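Subject: Structure for your review

Hello,

Here is the structure we discussed. Please open it alongside the notes below.

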Amino acid sequence: MLPCMVVCRKSHCEDGERAGEREGRSCPSPVAGGDLILHTKKTHSCRRTYGSLSLVRIRVIARTVSSLARRKVKRLRDSRLPDLSTRGPELRLLAGMQAGHGDWFADDALEMVQEGTVIKIGNFDKAVTVFEGMVEKDVISWSSMVDGYCKKGRLSEARELFGRMPERNVITWTAMINGYMKMECFKDGFELFLQMRREDSVKLVPNTLTLIFDVCGRLGRYKEACQFHALVFRVGFDFDVFLGNSVITMYCRLGCTDAASTIFHIMEKKDVVSWNSLVFGYVQAGQVEEAYELFKEVPEKDVVSWTTMITGFSNQGLTGKSIELFKMMPEKDDVAWTALISGFVSNGEYEEALFWFILMLEKAVRPNPVTFSSVLSSAAGLATLNQGLQIHAHVLKLCMEFDLSVQNSLVSMYSKCGSVNDAYRIFKSISTPNLVSYNSMITGFAQNGFGKEAILLFKKMQDEVLEVNEVTFLGVLSACTHVGLVEEGWNYFKSMRLTYKIEPGPDHYACMVDLLGRAGLLDQAINLISSMPIEPHSGVWGALLAASRTHLRLDLAEVASQHLSELEPNNATPYVVLSDLYSVSGKKKDEEQLRIAMKSKGIKKSPGCSWITVKSKVNLFLSGDISHVSFEDIRSILWIIVDEMKQD
């Protein structure tokens, strides 16, 4: 049964105290009023406690609308409600609270506990019902409802209510302005702000500007940010810690670290948030050296300070410095461990990520969903299904199998490890799949050759009018390539611009060139490349080169090789492919010249690579490499196998 809140008098707390002792906890201390105590128990315990209250008059005073719209339970003070005793149990409870009927209140409250219909904190629809039934409404109740409508995204209703208000204070104006800003209705928000400034009775307070700074930073509104910053000086506000921190954070989010640094240094008082905000701003802008110099000056570093700096080094590929900093941390929480592990994953150091994850478990630090998402990506990057299965087992053990980010990572991991059935099983278990869920499954189908299944899943997205993005189409075009659906691929490619207003990127063009090339339509492929509004990257020319090799089109292979060599001078692929085509075409002289040019430039072909996991350790083998510690033993076994094969 679900836990519920039990209300009792302090003088009648003996039953609750004994119940608490049985559950291994002590009776909570009284609330501020002095005569009420709150317990959390199971429903059967509630019944006993409420039974003991049947002859006790209970007085609960709270504010009616604030308790619902502002998601907090507060005391009702002299609010006169309409007759609610004939309504449902939730509203009858309010009537009982107002009338102060002890027996009736206890019985009805118990009924609501048993039915699971206790008034839910933050139930906005009920707040609307109560508000409309109120005879007298003060500015707090009006403001709470305006704020509630804004948070629900119902701006027109919020503005209508705002217009009906007999009086407004700065909190009301701030709630309405903030509602407009967060819904990106900047014009309406700014006009309302100017209107507020013309109201003589409303005095601008720093909190209003703090909310606006937050929105400008999050939504990248640089011009408006500067205007509001100028207003701070014009009004004459002091840069206290709270206001100063909000301005620093805003400029950091906008990428203006110089402006943020200026504000930081003119602040007379700074707290750890001030330091962390600027360090984070430098990290976000890729200025890791500046971030580290400032980090060393932080007087009292907290976990956020250390974690931000670890992330900064990882973002620059300096995982060695991340490890060094991590080891220096006085206290390490799950976020710090996750930051370190995620850094390894983002830099392709999958084995290191798994090593530190195991160390995290040995230190008895509980992983969070982000940790699992990162290590599942490591297992996917190494294509080690066994590691992925073990991580999945930990997910189940810690009851995180229904976390959406973890589910999406599981879909991706199983797909990349070739276990498409398991990936689809996880996908089907997601109660409400999001865009990442669909993209992971479509890409998984496409990568494993299940092109038709990928396209069917995409059509399901279309039928349900779900959001799609560039990654979705990348998976769909890849699926068309594997199945050879040229016409369908063209249609999907064209629909990106015409239907979904998505501009195709270089990767989408590379998929189309690959699709046309595999179908032997190389002239269409080169025409498509010529029509590209953006510069083709190596993937586009690589797809054309591969198709040219398959269909023995030496002319197009020479074009593709030239462009590929310009983009990637140390890539041996264009030399090798072109050399093979010269050989097939009987152009021995051109083949020899190409090999000499390749050798003079010091370009070497990348060796073949394979790996195997033995006793939880990944063993990597390169073509021609004899550095493995067990090389002699492996060679002896191989000779034995070869001899046995010859005898057979």
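The notes below cover a helix pair, the repeat annotations and the aromatic pairs.

Please keep in mind that this is a predicted model.

Helix pair. Helix α22, residues 385-397, packs against helix α23, residues 404-416. The angle between them is about 160° and their axes are 11 Å apart. An angle over 145 degrees counts as roughly antiparallel, so α22 is roughly antiparallel to α23. The crossing of α22 past α23 is left-handed. On the α22 side the contact is made by L385, G388, L389, H392 and V395; α23 contributes V406, L410, M413 and Y414. Seven of these contact residues are nonpolar, two are polar and none is charged.

In the model, the span 271-305 is 74% helix and 0% strand, and its end C-alpha atoms lie 12 Å apart. The span 333-367 is also 74% helix and 0% strand, with 10 Å between its end C-alpha atoms.

Aromatic pairs. The count comes to 22 aromatic pairs. One of them joins W337 and W356, with 6.2 Å from centre to centre and 55° between the planes, which makes the pair tilted. W337 sits in helix α19 (residues 334-346) and W356 in helix α20 (residues 350-362). The two tryptophans are 19 residues apart, and the pair links distant parts of the chain.

Regards

Definitions and conventions:
Residues are numbered from 1 along each chain as its sequence is written. This is a predicted model: local features need pLDDT of at least 70, side-chain atom pairs count only at pLDDT 80 or more; totals for chains, interfaces and linings use all residues. Side-chain values use heavy atoms; hydrogens and water are left out. Axes are lines fitted to C-alpha atoms, for helices over the stretch in contact, and angles run from 0 to 180 degrees between N-to-C directions. Helices (H or I, at least four residues) and strands (E, at least two) are DSSP runs, numbered from the N terminus. Angles under 35 degrees count as roughly parallel, over 145 as roughly antiparallel, 65 to 115 as roughly perpendicular and the rest as oblique. A crossing is left-handed if the near helix is turned anticlockwise from the far one by less than a right angle, and right-handed if clockwise. Contact means heavy atoms within 4.5 Å. Ala, Val, Leu, Ile, Met, Phe, Trp, Tyr, Cys and Pro count as nonpolar, Asp, Glu, Lys and Arg as charged, and the others, Gly among them, as polar. Rings of Phe, Tyr and Trp (its six-membered ring) pair if their centres lie within 6.5 Å; planes under 30 degrees apart count as stacked, over 60 as edge-to-face and the rest as tilted.
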